[in-house]
Amino acid sequence: MGRFFGTDGVRGKAGEYPLDRPTIRRLGAALARALASPPRFLSGRDTRESGAWIERELAFGIASQGGSLTGAGIIPTPAIAYLTPRMGYTAGVVISASHNPFEDNGIKVFSGAGEKFTEQLEQHVESIIADPSWDLPSGEARDVEQIDYRAEYLAHLRAILPNVEAFHSARLIVDCANGATTTIAPRLFQELGFEVRCIGCEPDGRNINLHTGSTAPQQLARTVVDGGYPIGIAYDGDGDRAIFVDERGQIVDGDAVMLMCARQMKREGRLKGNAVVATVMSNIGLEIGLREAGIDMVRCPVGDKYVMEEMIRRDLSLGGEQSGHVIFSEYLFTGDGLATSLNVLRTMAATGRTLSDLASELTTYPQVLVNVRVDRKVDLDTVPEVASVISTVESRLAGNGRLLIRYSGTEPLLRIMIEGKDQREIAAWAEEIAQAVRQYLAAPV
């Protein structure tokens, strides 16, 4: 057995390995064996039609080892991260494949502290699954006991927006991607006094993320402009990320959100460590915008769990990804689209500025990506002719651009990415590096 857990839990087509019934049962049993006895699990799921039977099979496996699983129903991923420690559960389980099509599903696990499982814990569970010395009893999976915890999660979210009066009768649109936020987002904003319009709020088990949500915000953008709304918010299928649309119909991504929120949090004395964690995919414009505001930026690999780990290590309060996963650690150590929405609204209220005006603080620099086919993957520092060209380009960029060079993990390719102020200039520099690589490392045609 190779790696069972991917970068964000277990993923696959529902009904096929590793999300077939026997494997799900074995995963449930392995989780129960790995944790304190008898473990109590809390589960939540999105709107996919496969979610309910996957939950039942997982519960069967857990129960076979003396544990128990309680379902919280259709609820966003971050709600499980929030509720698990506060309701006294040993661990939380989310059944979702986020922004993927309905045929897919996934299982991700949160520790009793409400944080994503570490790789060490995942490897421990994988070794238990692979151990042939134990078997599961046979039997039929029963319905899972359900408890409605939405009121507790809503109370937690409402506290993020202290000056609710500023939004009385304010208008907004939410796009819930026909996913997990359909049970929370409309109710949250209505309770806060907003006039809410909802699209992507009619899940049927098969339409999650279908032409809607954070990966397809075009309909939301049109509706915002046509209806004269000041803001539109699009969530993904499991609600751990948000993408925004300003009053002009322009998309506002995670980089712009992190910059506006970091500046506001610094003004309010809430930006711990005076730094923000972002991944290698965030635009150099974010780094420069933060620097101009006197804020440091720390980069980490792609994946919100790496953002979380870096934030914990450095004790920081803000981090995230360009894709809209943003973590506000004073509320939760995982991405939460609803918490992100409320922090953006809080920033708009505190500054009295429109979303387009706040987003304009981010200058997104041009980016060039060149792939070069290579016949071997060697450390580029050991090829003087290539290293020399790379060093020259880095000195030209010096603080006003970024060079990222890495080999593909799956193909014989070297990826050269440059961001800088001038598109033609950086394209020429990328080609300089590519020519040197072709000369000394290229695969024969």
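These questions and answers cover strand pairing and salt bridges in a predicted model. Local features need pLDDT of at least 70 and side-chain atom pairs pLDDT 80 or more, while totals for chains, interfaces and linings use all residues. Residues are numbered from 1 along each chain as its sequence is written, and side-chain values use heavy atoms, with hydrogens and water left out.

Student: In β12, which residue is the bridge partner of A278?

Tutor: Strands are DSSP runs of E with at least two residues, helices runs of H or I with at least four, numbered from the N terminus. Two strands pair if DSSP finds at least two bridges between them; β11 (residues 275–279) and β12 (residues 296–300) run parallel and share 5 bridges. In β12, the partner of A278 is R299.

Student: Through which helix does the chain cross from β11 to β12?

Tutor: The β-α-β crossover is right-handed, that is, clockwise from the first strand over the helix to the second with the strands pointing away from the viewer. The helix, residues 284–292, is α9.

Student: How many residues apart are E49 and R206?

Tutor: Their side chains meet in a salt bridge (a Lys or Arg side-chain nitrogen within 4 Å of an Asp or Glu carboxyl oxygen), at 3.0 Å, N to O. E49 lies in the loop between β2 and α2, R206 in the loop between β7 and α7, and the separation is 157 residues.

Student: Is E49 buried, partly exposed or exposed?

Tutor: Buried means under 20% relative accessible area, exposed over 50%, and partly exposed in between (1.4 Å probe, protein chains only). At 45%, E49 is partly exposed.
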